[in-house]
Amino acid sequence: MSLLDIYVLGAPILRQETRVVEKVDDGVRRLIDDMFETMYAAKGIGLAAPQVGRSERVAVIDIDQKPYVIVNPEILQREGTQRAEEGCLSIPEIYGDVDRAAHVHVKALDRNGEAFELQADELLARCLQHEIDHLHGRLFIDYLGLLKRRAAISKWEKLRKGDKSLTRTISPREVAEQHTRDEEL
Ligand SMILES: [Zn+2]
């Protein structure tokens with residue numbers, strides 16, 4: 001397994017549609033393993049393929065030590081609403097309140113290519129919606145009001161101090177010290 005670089009806000013791949021995975025083969029499983037390793041090192045709870053520069057429709061999630069792989073996920077049903085603060089590994093240290101469905105019913109393929117369905121609430125439901133958005137080129141800041149979105153982007157640019165790189169390299173030690181506050185997806 002290897003740690004992958006994470007693409008950050010401004011990288012075109014984060015805005016692109018992913019492509020359906022035709023067959024969950026060893027190459028896709030290797031990507032899944034690398035994505036889990038990268039997500040854990042970055043102290044995230046979710047990671048989608050475009051965030052590591054890939055265009056497969058694949059995301060991984062781990063909440064409370066329960067890992068989920070979702071390949072070609074689709075939201076079949078949404079119910080209710082919930083609002084909570086959200087962050088993203090591709091926009092580190094930027095957070096904002098996002099309205100999401102309280103409950104989702106999702107279908108996807110697992111790491112063996114087997115179809116499954118999942119009913120989720122609360123944080124898992126939020127995380128599924130965040131990651132599935134990534135697979136369609138959407139980011140959580142898109143849901144913020146205009147002023148909050150502008151403020152988030154200007155804070156992000158300030159934190160970057162003129163750095164124009166489109167990826168960040170995850171070093172487990174450094175990141176573990178840095179992120180003590182919120183969960184990023
Ligand atoms: Zn994200």
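**Close-ups of a predicted model**

**View 1. Val71 and the residues around it.** Leaving out residues up to four places away in sequence, Val71 touches Val21, Val24, Val28, Arg57, Val58, Ala108 and Leu109. Touching here means that two C-beta atoms, placed from the backbone, lie within 7 Å. Keep in mind that this is a predicted model: local features need pLDDT of at least 70, side-chain atom pairs count only at pLDDT 80 or more, and totals for chains, interfaces and linings use all residues. Residue numbers start from 1 along each chain as its sequence is written.

**View 2. Val28, a residue of helix α1.** You'll find Val28 in helix α1; helices (H or I, at least four residues) and strands (E, at least two) are DSSP runs, numbered from the N terminus. Is Val28 buried or exposed? Val28 counts as buried because it has 21 C-beta neighbours inside 10 Å. The cut-offs: buried takes 20 or more other C-beta atoms within 10 Å of a residue's own, exposed is 12 or fewer, and partly exposed is in between, with C-beta atoms placed from the backbone. Again skipping residues up to four places away in sequence, Val28 touches Val21, Glu56, Val58 and Val71.

**View 3. The open sheet.** Here 5 strands line up as β2-β3-β4-β7-β8, with antiparallel pairing. Strands pair if DSSP finds at least two bridges between them. At the edges sit β2 (46-48) and β8 (115-121), each pairing on one side only. Look at β7 (residues 103-109): 7 bridges join it to β8, and the two run antiparallel. Val104 stands opposite Ala120 in β8.

**View 4. Two helices and the sheet.** Helix α1 (residues 26-41) lies across β2, β3 (58-63) and β4 (66-79), at about 40 degrees to β3. Helix α2 packs on the sheet too, touching β2, β3, β4, β7 and β8, and its direction makes about 160 degrees with that of β3. Angles run from 0 to 180 degrees between N-to-C directions, using lines fitted to C-alpha atoms, for helices over the stretch in contact. Helix α2 is largely enclosed by the rest of the structure, because 11 of its 13 residues are buried. Among them are Leu124, Cys127, Leu128 and Ile132.

**View 5. The largest nonpolar core.** Of its 43 residues, Ile6, Leu47, Ala59, Val60, Ile61, Val71 and Leu128 touch the most other members. Such a core is a set of buried Ala, Val, Leu, Ile, Met, Phe, Trp, Tyr and Cys residues joined through C-beta atoms within 7 Å. Which helix gives the most to this core? That's α2, with 5 residues.
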